Structure formats: C-alpha cells, structure tokens
Amino acid sequence: MMRLLRAETRKLSTVWSTYVIAGIVVLIDVLAGVAFAFAPSGRHGGAAGIVPRGSLQWFGNVFSVLDTARLLALVLGAIIITGEYRHKTVTPTFLAEPRRGRVITSKLVASFGGGLLLGLITMLTGLVIGFVFVGVGFHSCVTFSGVNQGMSHAVCGLRQGVYYSASVHTMLHDWWRIAPGVVLGTGLFGLYGLGLGALLKNQVTAIVVGLIFTLVIESIVGAIWPTIGEYLPGQAATALENAARSTVSNTSLLPWWGGAIMLVIYGVALAAVGTLTTVRSDVT
Amino acid sequence: MPTIEARGLTKRFGAHLLAVDHLDFDGIPGGVTGFLGPNGAGKTTTLRMLLGLVTPTSGSVRIDGHNYRHLPQPMERVGAVLEASGFHPARTARNHLKIVATMAGIPHSRVDECLELVGLSDSRDRRVGGFSMGMRQRLELARALLGKPDILILDEPANGLDPQGIAWLRDFLKFYASQDVSSGAEGRIVIISSHLLSEAQLIVDDVIVLTNGRLAAQGKLQDLLAGSKRAVNVKTPDAQRLVEALHEANLRAVLRHGYVVCDGCTPEQVAPIMVDKRIEVHEMVSSTESLESLFFSLTGGERSQLTPGGNFSGEGGGPNDPVPAAPRPTTSMGSQS
C-alpha cells in the first residue's frame, strides 16, 4: 500500500497538469480576490452595498473566492483515475498491481492528499493577498483611498502603524475562521472527484459532470428543496467552511462534521461503485 | 521452473462474439513460442486473460499454478509488452519506469539497467511524447524486464520496429529464452503473438495457431513444416529431356509454366541427374511449404482476413486461389531452407 501511494505521488509530480491545476488555483485567487476587493460594491455588501475597506466583512469578501479551489480539487481527483484510462497507463498499472481495489484505495488517499494540498495552496495564496492588501495600505498616506489627504507625515505615519496592526489582526481573524474548513473541504472534494472518475472512466465526462453538478444542478436543487440541497457535495463543503462563520446565516447547512461525513460518503461510495463496475471491467 | 497452463479458456464479449473458445495450451520453456492467427482469432484476448487484464468467461489460465491476479510479485514472474499499453506523454522514459518499479516494489537501480538493455539510455530523460513507435516498443520492453521475469509475453512486438529493430528483438528474445531460470531448469518461457509470419518464422521455435478462438495447431515449428510439401523448379532449354530423365529416376516431374516442376524432390536428388545428363540450367529454385502456406491451410485459407504485410504479397496465389497451400519458392539455387 505504501509503495502504491509513493507511486501515485510520483505520478502526480511528474506531469505538468498537476502544476497547471495548482497554478489555476493561485490565478483565480489573485484575480478574483483583487476584483472583490476593489469592486464598487462587495459581494456581501450590506444595506448600502458598500463594505468599508479593511473591515472584517471586506476581508470576508476577498477570501470568499478561496474555496473555488475545491472545483480544481474535483478536477484533480477525476484526472488521477481517468488519466490512467486516457493515456492507457492503466495497463502497466494493473500489470504491476493486479489487485485493482488496492490501486483505487491508494488513489483515494492520493486525491484526498492532493486536495488538501490545493486547499493549503489556496489559503496561503489568500494569506499573501491579505498581507499585500494590508501592506499596500489603503489607510496609509500613499493610499488611493484619499482618506488621509492633508495630514502631516508624522501623524500619517503613526496612524499607518496603528491601522497596519489593526488590519493584520482583522485579516488574520477572518482567514483563520475559514482556513480549516476550506482545506478540509478541498481535500474531500478531491475524494469526490476521484469517485466520479472511477465511476465514469472518461476524463471529459467525469470533469464536466462534476462541475455542472456542483455549479448548476446543486444550486437548482438547493433552491427548490433546501433540505435535500444541504446534503449535496457543494453545500456539504460550504458547511465545513461555515463552521465558525457566525456572520453568515447558515440555516440550511449541515453542521461542519455532517458536511465532512457527507463528502467522505460521496467519495468512498462513488469509488466503491466504480471499483465494482467500471474498474473491474476488462482492460482492452 | 515457470509454467503457463490454459484449460478450457473461454471469453465471450456480449451475446454473439465468442472471442476465445475452450482453449487449452501450455507454455513451452527454453524457446520462443509464436502465438499466431489471423486478426480476430483471439490472440490478444488470450494474452490479456493470461495477464489478468481481461476476466475469462469460463476456464482458467494459470502462471506457476496461480491466477495472475493472485501472484505475489507478478512483475517478477511475468513481463508483458502489450500493444494498447500507454505512456503519459509528458513523463520522461525514466520517470515512467520509476513509477512502475515503485508500484511493483522493484529497486530503482533496475530502471537504468533496463533502459540500457533496450538501448534507450541516451533518451531516458526525454519525454515519451516525442518518442517514435520503435522507441515506445523498446520502452515497453524495458518496463516488462524490470522484474527480471522468467516469463515474457509480447503482443505484436515487431509493430513499429524498423528492420534493424526487428533483428535486434529477434536476437534478444532468442538469448532471453535460452537463459537458465534461477531455479536452474529448462529455460524461460517467451511467447510472442504476431501476424507477420515471415518474421515469426525467423524467431519462433514453437507455434500455437489460433483460428476463431480455437486451437488450430500446436507444436515445434520444424515438425509442423517437416510434414509439408516440397518441390524443385528448374528452368532449362532442355525441359523435355529433363522430365524424361527425372521419370527414369522415379521422380514425379511435369512441365508447368515453363518450369520443370519436380514434386516431392530435393535439390540433392535433381542436381546430380542434370549434371549427369549434361542439361543446361538457367535457374533452379527449391521450394518448401512456408509457415505462411502452412498457416493458410491450418486456418482454412482465410487470406482476406489477414492484415496485409510485406509477406502477404501473394506469391502463392491471389486471394481467391482455390488451392491456398500452394508451395512458394523460398530459396534459390539449391540451398536448403
């Protein structure tokens, strides 16, 4: 089992697609983070539609994009198994380890680990973005906000220091609030992607089905039947993230552990069904 | 000592296609066994069942008494080169082998050894996506050899190899099969499937011929060919005198298409008569039945189903030739085949 896991790790580290996926995570975080930070109105902009820059809610908006990494974890999980079929490396794999259940088990672990790593990458990117925003200093003398115009440099410098430490504290507060949930949710979405891939075998089909289900079908089901919606993978992952999120009302979400259990069930059950059907079938 | 035993091996795809039908055969150690048959005869399916990639509908095929899926270290028992086996194009040759070695628990030092063995050392850090067909075949072979197996299975190994590559493969397989196994027994089992009969004829010692999923013939290639027809064809201006002289020597001879054809004769019988009678010779061709024509007679002359290769250019007759097993000249000027 350990050698299968080592092989899976090497499989991921020796192809460029893994790095592209990680790069996309960072790119989305940066682009969307900047967009949400400086858009005329924030995502969760209160009654007036404007969130004060540097506020807890403002950082919440900037970090709200970080959980998009879970979609890429889904893609990564799907690629881990469907790539073997696509490039026909499944033949040498099953020749080296003919016990296919073991191969799938090691891939489940690898996709969870890969997902966790993507979750870490997205949260670290968020942290860097946060520090950059604080550092650029929207409250400082050279800021584009124009708040401090006309102040003397000494006063300005003092205020800058105060605001800097206050902003870092605010930023870290919001970051910590979502970090464990995002990392775990992203990891479990890797598991979910692997399950889909094991069942559907075709790479494009698995990715398209996974993304459409998460982005479209879940929203529709969630809107019509919220009680069913909360058990679906995307909502389950959101539940994880909202564990400590008191600012967002989460009436139609499972408790965080419920979300984790649902995601494990999705990943393992899909992979088990896939192993008994698709994976067990003849390799020709 | 390595063994392969197939008993009642059957594979049905869907309701109608019986790909392999109650096949019995044994692996023969110490030589190269040719697994021959027209396309669709069930060669690849049989080999894939042997390797646990395809599940038999009924019957079994065992390696050292075990199903491949239950072998403790399968790659250290069996090495397989398969046609539809793939590589991730972005991976280097070396990384591809390292991954397989890791999965199979084989030390990574074997990776460079095997790349050296197949002549890919210079390309080991290149991406497989840029490899030619022949290089991919060599890389597949290197992968098969990672575990130092006593059984080597190759499905259409000559595909994509240039003539030098085929010659190299031939020598390599002959050498590999003759090596003593660790237990000091009769030698290794090497099975190759092929539709290139002229190539197979040069490589194989034993043949297993399949048609429509059934065993058509099994045995030593020499024995199978020994029982076949031979003839001597002579072109001479003194045709009539030669025919009479051969008849005097109790040999069957007729004049056909400008040649004196002596059926069932050897050049050793015919040449002294011609010297004795001072008959001028322009051409003398000794023909034995080739593996190809033997194959056609065994497989019911299904010539049209075969993939056209250089050796199927039809010297023995056209596709609709009612006599499929026509002798074909194989050697010139009396040299024995």
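Mentor: Happy to; below is a walk through a sheet in chain B, and then a look at its surroundings. Keep in mind that this is a predicted model.

Start with the sheet itself. Chain B has an open sheet built from 3 strands, and their order across the sheet is β2-β1-β4, with antiparallel pairing. The strands at the edges are β2 (17-26) and β4 (58-63) of chain B, and each of these pairs on one side only. As you go from one strand to the next, the twist averages 20°.

Now look at strand β1 of chain B, which covers residues 4-13. Its antiparallel pairing with β4(B) runs over 5 bridges. To find your place there, pick out B:Ile4, which stands opposite B:Ile63 in β4(B).

Helix α1 of chain B, residues 43-50, lies across β1, β2 and β4 of chain B. The direction of this helix is at about 120° to β1(B).

Let's step back to the whole chain.

Finally, chain B has a partner. The contact takes 28 residues from chain B and 24 residues from chain A. On the side of chain A that touches chain B, the elements giving two or more residues are α1 (2-13) and α5 (90-96) of chain A. That side of chain A has 10 nonpolar, 6 polar and 8 charged residues.

Definitions and conventions
Residues numbered from 1 in each chain as written. Chains lettered and ligands numbered in written order. Predicted model: local features only at pLDDT ≥ 70, side-chain atom pairs only at ≥ 80, totals over all residues. Pairing = 2+ DSSP bridges. Helix = DSSP H or I, 4+ residues; strand = E, 2+ residues; numbered from the N terminus. Axes fitted to C-alpha atoms, helices over the stretch in contact; angles between N-to-C directions. Contact = placed C-beta atoms within 7 Å. Nonpolar A, V, L, I, M, F, W, Y, C, P; charged D, E, K, R; others polar.
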